[in-house]
Amino acid sequence: MWLDHIKYHGPMRTHQLVLSWIENELSEGRLTVGGRLPAERTLAEQLKVSRTSVREAIRILEAMGVVRAGVGSGPDAGTVVISDPTAALGSALRLHVATQHLPVADIVETRVLLESWAASKASPQAPELEAAGRLLDEMAAEGLDVDEFLALDVRFHLALADAAGNAVVSAMMGSLRESIQRYAAQLTSNLPDWEATASRLKAEHREILAAIRNDDGDHAAQLVAAHIEGYYREAGLGLPISS
C-alpha cells in the first residue's frame with residue numbers, strides 16, 4: 001500500500017504525508033486537473049492525520065498553484081486541482097530576488113537565454129502570433145501610461161514564448177517576468193525619455209514578430225536578445241556583454 005511505502009522510507013511531518021499522498025494520486029492519474037480532493041474530514045480519516053494537517057497541506061498546495069480551495073457549499077465548494085506553475089515559481093523567485101540572493105542581472109540574463117531560444121523555435125503558423133500582433137496594435141494606441149504599456153509588453157513576450165510550444169519554457173518565462181516586474185517598472189524612472197524608449201521598443205517588437213513570421217528564427221533570437229538587454233542597459237542595469 002502507498003501509506004506503508006511512505007512509512008518505510010522514514011517518518012515525515014503529517015502535512016508532508018498529505019502532500020505526498022496528493023502527489024501520488026496525481027502521478028497515478030486518480031486525481032486530474034479540474035478534479036476535487038476528498039473532503040477534509042474524509043482525507044484526514046483516510047490518512048490517519050489531523051484535519052489541521054490536511055488544512056496546512058492544502059494551504060501549501062494553494063501557494064504552489066496546484067489547488068484552489070473553495071468555501072461554503074454549492075458547485076464552487078471544495079478543493080479543486082488546478083495547474084498554475086507560473087504563479088508559484090514567480091512568487092518564489094520574487095522573494096529570493098528581494099533577499100538579493102538572486103541578482104536581478106542574473107534573472108535578466110536567464111530571461112534572455114529563454115526568450116532567445118523561444119523566438120528561434122516559434123512556429124510562423126502558431127496562433128499565438130495573431131494574439132501578439134493584436135497586442136502590438138493595443139500598444140500603439142495613444143495615451144497609454146507606463147503601467148499599461150508594460151502590462152501589454154509582458155503579454156506580448158509571453159505570447160511569443162507560447163508560440164514555441166514548450167510548456168516548461170512558457171512557465172519559466174512567466175515566472176521570471178513576474179519575479180522582476182515591479183523592478184522593471186521602477187527602472188522606467190531612470191530613463192531619460194520614456195516616450196522615445198517606448199517608441200523604440202514598439203519598433204523592435206514589430207521587427208521580432210516579422211522575423212518569426214518570416215521563419216527566420218536565428219534573426220528573431222538576435223533581435224530579442226538585443227531588445228531585452230538594450231532596455232535594461234538604458235535603464236542603468238549592468239549586464240554582461242553578449243558574445
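# Working chat on a predicted helical chain

Student: Which residues does Thr197 touch, not counting residues up to four places away in sequence?
Tutor: Thr197 touches Leu191, Tyr231 and Glu234. Contact here means heavy atoms within 4.5 Å.

Student: How should the model and its numbering be read?
Tutor: It is a predicted model, with residues numbered from 1 along each chain as its sequence is written. Local features need pLDDT of at least 70, side-chain atom pairs count only at pLDDT 80 or more, totals for chains, interfaces and linings use all residues, and side-chain values use heavy atoms, with hydrogens and water left out.

Student: Back to Thr197: where does it lie, and is it buried or exposed?
Tutor: Thr197 lies in helix H10 and counts as buried, at 1% relative accessibility. Buried means under 20% relative accessible area, exposed means over 50%, and partly exposed lies in between, with a 1.4 Å probe and protein chains only. Helices (H or I, at least four residues) and strands (E, at least two) are DSSP runs, numbered from the N terminus.

Student: How many helices and strands are there in the protein chain?
Tutor: The protein chain has eleven helices and two strands. Along the sequence they follow the pattern α-α-α-α-β-β-α-α-α-α-α-α-α.

Student: And how much of the chain counts as buried?
Tutor: Of its 243 residues, 42% count as buried. Residues 24 or more positions apart account for 65% of the contacts with a separation of 6 or more. The accessible surface comes to about 13,500 Å², and 53% of that belongs to carbon and sulfur atoms. These areas come from the Shrake-Rupley method with a 1.4 Å probe; for residues, only the protein chains shown count as cover.

Student: On to H11. Which helices do its buried residues pack against?
Tutor: The buried residues of H11 pack against H6, helix H8 (146-162), H9 and H10. Among these buried residues are Leu223, Val224, Ile228, Tyr231 and Tyr232.

Student: What span should H11 have at 1.5 Å a residue?
Tutor: The 18 residues of H11 should span 26 Å, and the end C-alpha atoms are 26 Å apart, which agrees. The expected span is 1.5 Å times one less than the number of residues. H11 is followed by Gly236, whose phi is positive, near 100°.

Student: Which residue forms a salt bridge with Arg233?
Tutor: Arg233 pairs with Glu229, the closest N and O atoms being 3.8 Å apart. A salt bridge is a side-chain nitrogen of Lys or Arg within 4 Å of a carboxyl oxygen of Asp or Glu. The two residues are four residues apart in helix H11 (residues 217-234), and so are separated by about one helical turn. Arg233 counts as partly exposed at 32% relative accessibility, whereas Glu229 counts as buried at 12%.

Student: Why do such pairs form at all?
Tutor: Side chains of opposite charge can pair when their charged atoms come close.

Student: How many salt bridges does a search of the whole structure find?
Tutor: The search finds nine salt bridges. One of them joins Glu115 and Arg111, with the closest N and O atoms 2.4 Å apart. Glu115 and Arg111 are four residues apart in helix H6 (residues 104-121), about one helical turn. Glu115 counts as buried at 5% relative accessibility, and Arg111 counts as buried at 4%.

Student: What about Asp137: which residue does it form a salt bridge with?
Tutor: Asp137 forms a salt bridge with Arg206, the closest N and O atoms being 3.2 Å apart. Asp137 lies in helix H7 (residues 128-139) and Arg206 in helix H10 (residues 194-213), so the pair ties together parts that are 69 residues apart in sequence. Arg206 is partly exposed, with a relative accessible area of 40%.

Student: New topic: which residues form a nonpolar patch on the surface?
Tutor: Leu89, Val168 and Met172 form the patch, with about 250 Å² of accessible area together. Patches are made of residues with over 30% relative accessible area and no salt bridge; like charges are joined within 9 Å, and nonpolar side chains (Val, Leu, Ile, Met, Phe, Trp, Tyr) within 5 Å. Val168 is placed in helix H9 (residues 167-187) and is exposed, with a relative accessible area of 54%.

Student: Last one, His96: where is it found?
Tutor: His96 is found in helix H5 (residues 85-98) and counts as partly exposed at 42% relative accessibility. Leaving aside neighbours within four places in sequence, His96 is in contact with His101 and Leu102. The C-alpha atoms of His96 and Ser179 are separated by 8.8 Å, and the two residues are 83 residues apart along the chain.
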